[in-house]
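Hello,

Here is the structure we talked about handing over. Please look through it first, then read the notes below it.

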Amino acid sequence: MFLEKLKNIRQLIILGICAVVIGAVAGALDAGFGEILIFLTGVRERYFFPLILFLPAAGVIIAKAYSLFGGNCVKGMGLIFQVGHGEEDVIPLRLIPFTVIGTWLTHLFGGSAGREGVAVQIGATVSHWAGRKLNLVSDSKIFLVTGMAAGFSGLFQTPMAACFFALEVLIAGSLQYTALFPAVIAAFVATWVSGSLGLEKFHYNLQTQIQLDPVFIIKIILSGIIFGLVGAMFAHGLKMVKDKLNNRFKSPVSKIAIVGTFLVILLILPGMGRYSGLGTNLISASFYGNKIYPWDWILKIVLTIITLAAGYQGGEVTPLFSIGSGLGAALAVILGLPVEFAAALGYTAVFGSATNTLLAPVFIGAEVFGYSYVPYFFLVCCVAYVFNDNKSIYTAQKNLQDML
């Protein structure tokens, strides 16, 4: 018994050391990726036209590269989930340059997409590779979850949210506690490394004075229902459009070329790039009093779905933040809530609904907007989670109820 405990402690120490290295590497790669993405975003904003005209050509390059050299890398986040569920064995290292360069091209030429998919794939790939080389634990999922936490945390610098995101996203309704210790260490190390290297973090010091009463609670619950339905709508719409386009186009190159041409027109018409990129402009508008339109969140949903379904690279989370904050700002007028408070609720709850996670969005709210508002984030995220109908942007995500 004593020797067994010593063995377990020794393994924890080794896992902790590995987690430090994984967090440092993922944080550094996230910082480099994020800094270049910010630079390319600035270039696109200055030269939106004519750069947007080359979006179809950029898409063809992405699709052709994946077709010729990508192999399983074309699955992206789906491959990460399949490895996590034991359905695939290997995450090739080349996944990192494929997803990074593809995302840079998507953003430079005006696609509407996120960035977290890249960060999570970076962390998962590095950690999975380390786990295979070291062969320290029987459960490879421990290293995978550790890397996912590090990748998410290094990009958004929200270590607690990143840890819970990685723990709960593979199987909805279940937490992978076997990976808790290394995931926590890797997440905090990645945050520190990326921040030290200069990657900026979005933070808004929410200072809304709350007058808690039954009417106010009812307003939060109504908001949560709407946020949950919108998150589910995004997840369902993304899957549906992907399936329809895949059935319509047998070649990924022709698909991205034709849909990309259509996308150029859509992105030019409603405000010359207002809905291109991450959507951070809409997030800033929601919190800093700039112009936000009631239809901003709808158009961001549509254009992000088309961009990702066409085959462009990136992610969904930052667009979900912008969709949620824009929707929250619109609901604030209808429900009589403070705009920045409602935007913060939407920022967290739509993300939680679309990813089918509960604890991660609550901690996102705490780490971005302030810990004193955790009870309200918890309430709205619980309601959104209940009303999302188990939909998720990660189609390879499994549900605990279905596994029992």
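Start with D30, which touches A119, I122, A150, G151, G154, L155 and L199, leaving out residues up to four places away in sequence; contact means heavy atoms within 4.5 Å. The model is predicted, so local features need pLDDT of at least 70 and side-chain atom pairs count only at pLDDT 80 or more, while totals for chains, interfaces and linings use all residues. Residues are numbered from 1 along each chain as its sequence is written, and side-chain values use heavy atoms, without hydrogens and water.

D30 is in helix 1 (helices are DSSP runs of H or I, at least four residues, numbered from the N terminus). D30 is buried (under 20% relative accessible area, 1.4 Å probe, protein chains only). D30 has no salt bridge (a side-chain nitrogen of Lys or Arg within 4 Å of a carboxyl oxygen of Asp or Glu). The nearest side chain of opposite charge is R115, 9.6 Å away (Lys and Arg count as positive, Asp and Glu as negative; His and the chain ends are not counted).

Next, the rings. The whole structure holds 28 aromatic pairs (rings of Phe, Tyr and Trp, the last by its six-membered ring, with centres within 6.5 Å; planes under 30 degrees apart are stacked, over 60 edge-to-face, the rest tilted). F33 and W104 are stacked because their planes are at 20 degrees, with centres 6.2 Å apart. F33 lies in helix 1 (residues 2-46) and W104 in helix 5 (residues 95-108), so the pair ties together parts 71 residues apart in sequence. F33 is buried, at 3% relative accessible area. F369 and F377 make a tilted pair, 6.0 Å centre to centre and 40 degrees between the planes; both are buried.

Regards

Methods
Helix = DSSP H or I, 4+ residues; strand = E, 2+ residues; numbered from the N terminus. Buried < 20%, exposed > 50% of the residue type's maximum accessible area, 1.4 Å probe, protein only.
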